[in-house]
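Subject: Structure for you to look over

Dear colleague,

Please read them with the structure open beside you.

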Amino acid sequence: MTTPAFIPFEAEAKMDWLGLTRAFREGHRLPKAEIADNFLYRRDDTLLNRAAWIDGLGLAVKSATIFPGNPAQGVGMVNGGVSLYDDAHGLLEAVVDFHLVTKWKTAGDSLLGALTLARPDSREILIVGAGHVGHSLFEAYSAGFPGARFSIWNRTIAKAEAMAEELGIEVAADLGQAVTKADIVTCATMSTSPVIRGEWLQPGQHLDLIGAYRPDMREADDTALQRARVFVDSYDTTLGHIGELKIPLETGAIAREDVLADYYMPEKMMRGSDDEITLFKNGGGAHLDLMTSRYIHACWTGR
């Protein structure tokens, strides 16, 4: 029996974004993942375990600890690790850095959505949200759309200016105007109410929604969903769990059949014409953590 590897964040030096999207495509050709989430609580603190099992790829358990009091003590609020098990015997193969898996899974998921649904000639990309995910999206989209011009909008302008200076991109002062000029809008905020209005959207655009992850969170309004052709990474982890789709489905703003496909339906997961608006909801389920961890392990070990 070999000793399980510990794969640190520094493993990203061996990785590339297009390689990860290929790994996602290959993973979705395998039997559909079995997934499960489990929560434990101690007052304000939370332990989330997300498990996935894909026949032919193995198993992963991603454990996240969320301790809201940590920042006051100079410690990050979210921590954890990912345990990767082999498919044949269930042996522990590796423990992978939590932040590495989360960064690459989240941005890689959106990049695959854009490579699948956005116009290939997209050159103007607007990032909405100047947090850690916004930085990762710049990395991922730069790899998928080389030569693209980026702009950044953030509710707090100082954060947008700092990110723009760091990355050498433009600041968008007016969100509505910036959306109308973009080919791709990728949105990663913590908003509970829509920041993207459907009336701003233009023919041929692609809208990528990442931030909403709770049942009470949304980044786009009903009009945006009604004007766009809507896709998700996984029906199982978005429709009944995330407010972006759960709320408009419950109110009747959209119908279940309006959500056209997920990654397990490649024959339907595609743009129909150059002038249609596509909308992709990144739900980031545990099966994508497993696919990402398996890709990281292959890059780190060479097998």
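Is D289 buried or exposed, going by its relative accessible area? D289 is buried, with a relative accessible area of 1%, where buried means under 20%, exposed over 50% and partly exposed in between, for a 1.4 Å probe and protein chains only.

Before going further, please note that this is a predicted model, in which local features need pLDDT of at least 70 and side-chain atom pairs count only at pLDDT 80 or more, whereas totals for chains, interfaces and linings use all residues. Residues are numbered from 1 along each chain as its sequence is written, and side-chain values use heavy atoms, with hydrogens and water left out.

Salt bridges

Over the whole structure, the search gives 16 salt bridges, each defined as a side-chain nitrogen of Lys or Arg within 4 Å of a carboxyl oxygen of Asp or Glu. One of them pairs D289 with K62, their closest N and O atoms being 3.1 Å apart. Because D289 belongs to helix α9 (residues 286–301) and K62 to strand β4 (residues 58–66), this pair ties together parts that are 227 residues apart in sequence; helices (H or I, at least four residues) and strands (E, at least two) are DSSP runs, numbered from the N terminus. K62 also counts as buried, at 7% relative accessibility.

A second bridge is formed by E139 and K103, with 3.2 Å between the closest N and O atoms. Here E139 lies in helix α3 (residues 132–144) and K103 in helix α2 (residues 98–117), so the pair ties together parts that are 36 residues apart in sequence. E139 is partly exposed at 33% relative accessibility, while K103 is buried at 15%. Salt bridges with shared partners join E12, K103 and E139 into one network.

In a further bridge, D45 meets R42 with the closest N and O atoms 2.7 Å apart; D45 is buried at a relative accessible area of 15%, and R42 is partly exposed at 45%.

Cavity

The structure holds 1 cavity of 30 Å³ or more, a cavity being a set of points on a 1 Å grid over the protein atoms alone where a 1.4 Å probe fits but cannot get out. The largest cavity contains about 40 Å³ of space, the volume being the space filled by probe spheres set on the points, which are joined across faces, edges and corners. Its lining consists of K32, A33, I35, S234, D236, Y264 and H287, where lining residues have an atom within 4 Å of a point.

With best wishes

Terms used
On a 1 Å grid over the protein atoms alone, a cavity is a set of points where a 1.4 Å probe fits but cannot get out, and a pocket is an open set with protein on both sides within 12 Å along at least five of seven lines; lining residues have an atom within 4 Å of a point.
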